[in-house]
Amino acid sequence: MNDAKIAGAAHPAAGFRPPITIIYIVGNTHSGTTLLNRVLGAHPEAINIGGTKNLQSFHAGLKKCSCGAARAEECPFWSRVGAEISERYGRALRDLHLEPGWSGFAADYVQFAHAVCTVSGARIIVDSSRDVVRLRHIRSVGGIDVIPVHIFKQPRAQHASYRRKGQGLGATIREYWRVNLKAVRHNRPDSPMIVVPYEAFCRDPARYVATIMAQAGSCMHRDQLERWGGADLHVLGGNRMKFAKSSEIRLDENWQALPLMEAVALDLTCLPLALAMQWKARGAASAPA
Ligand SMILES: [Zn+2]
């Protein structure tokens, strides 16, 4: 825990107990980010909000909350977050500058996080915005702790998921490198990330959940493995996994049906990166905080 950052948490939202912790998930779409988000968010001290990057689309009417609400005012959760921000800071939720690079991002992100925690009663926010640029900005915000988690699939499995959505082999290879290379480069001793191989997570989720929750200053809760599918959600973004009611974690092995030439091409182009991520994952999972 970073005492300097906590000490710097002097903020108008003084009624809320610090520190707020953000578990920030990085990874490709369809790499298990939504599943991991749901499992982590099932902890009694945590809330899964999907991705803050989706708030702009939500405000613009392009994305709905998982409860079906098309506008924040129609959602029982986001309307309360909006009311909290309005009451405490005299601003509207839609006016917060929550896009990386916008002036005032740091102060507005803290206001946003405090409002989410006040309304939900949680102290841990699981944000699966997935991109490293936003992570870098959130890490520079004082007054909150950030735990970055990088989840990845093996190249064949990632392509099998993309292929189901109609994506070609070339696009998979580009996306695999684009997203994961940024995460690998960000994962340095001075900005470490917990690396989670999707396949290993499905086989032994407790190992990874315990590691992440320990970093968040908490312990794994049984609901995270047994009842993550039962929670009411107000999630922005994510795939169909956000609607899952079952709490079963099942390894998707559709990659076994890939054409041989595509599988070989994936191995030749992406395996070195996958091995590098696998290597970083060994360190993270074997040495929980
Ligand atoms: Zn909602």
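Modeller: Let's start with Arg130, which lies in strand 3 (residues 124-130); strands here are DSSP runs of E with at least two residues, helices are runs of H or I with at least four, and both are numbered from the N terminus. This is a predicted model, where local features need pLDDT of at least 70, side-chain atom pairs count only at pLDDT 80 or more, and totals for chains, interfaces and linings use all residues. Residues are numbered from 1 along each chain as its sequence is written.

Biologist: Why is Arg130 called buried?

Modeller: A residue is buried if 20 or more other C-beta atoms lie within 10 Å of its own, exposed if 12 or fewer, and partly exposed in between, with C-beta atoms placed from the backbone. Arg130 has 23 of them within 10 Å, so it counts as buried.

Biologist: And what makes its phi worth a look?

Modeller: Most residues other than glycine have a negative phi. Arg130 has a positive one of about 80° although it is not a glycine. His30 also has a positive phi, about 60°, and is not a glycine either. His30 is found in the loop between strand 1 (20-26) and helix 2 (33-41).

Biologist: How do you know whether His30 is buried or exposed?

Modeller: Count again: 22 C-beta neighbours inside 10 Å, so His30 is buried.

Biologist: What makes strand 2 and strand 5 edge strands?

Modeller: Five strands form an open sheet in the order 2-3-1-4-5, with parallel pairing. Strand 2 (46-50) and strand 5 (194-197) each pair on one side only. The twist averages 25° from one strand to the next.

Biologist: How do you know that strand 2 pairs with strand 3?

Modeller: Pairing needs at least two DSSP bridges between two strands, and four join strand 2 to strand 3. Gly50 stands opposite Asp127 in strand 3.

Biologist: Why is helix 4 called oblique to helix 5?

Modeller: The axes of helix 4 (residues 78-89) and helix 5 (residues 105-120) come within 9 Å and cross at roughly 120°. Under 35 degrees is roughly parallel, over 145 roughly antiparallel, 65 to 115 roughly perpendicular, and the rest oblique. That angle therefore makes helix 4 oblique to helix 5.

Biologist: What kinds of residues make up the contact of helix 4 with helix 5?

Modeller: Six nonpolar, two polar and two charged. Ala, Val, Leu, Ile, Met, Phe, Trp, Tyr, Cys and Pro count as nonpolar, Asp, Glu, Lys and Arg as charged, and the others, Gly among them, as polar.

Methods: Axes fitted to C-alpha atoms, helices over the stretch in contact; angles between N-to-C directions.
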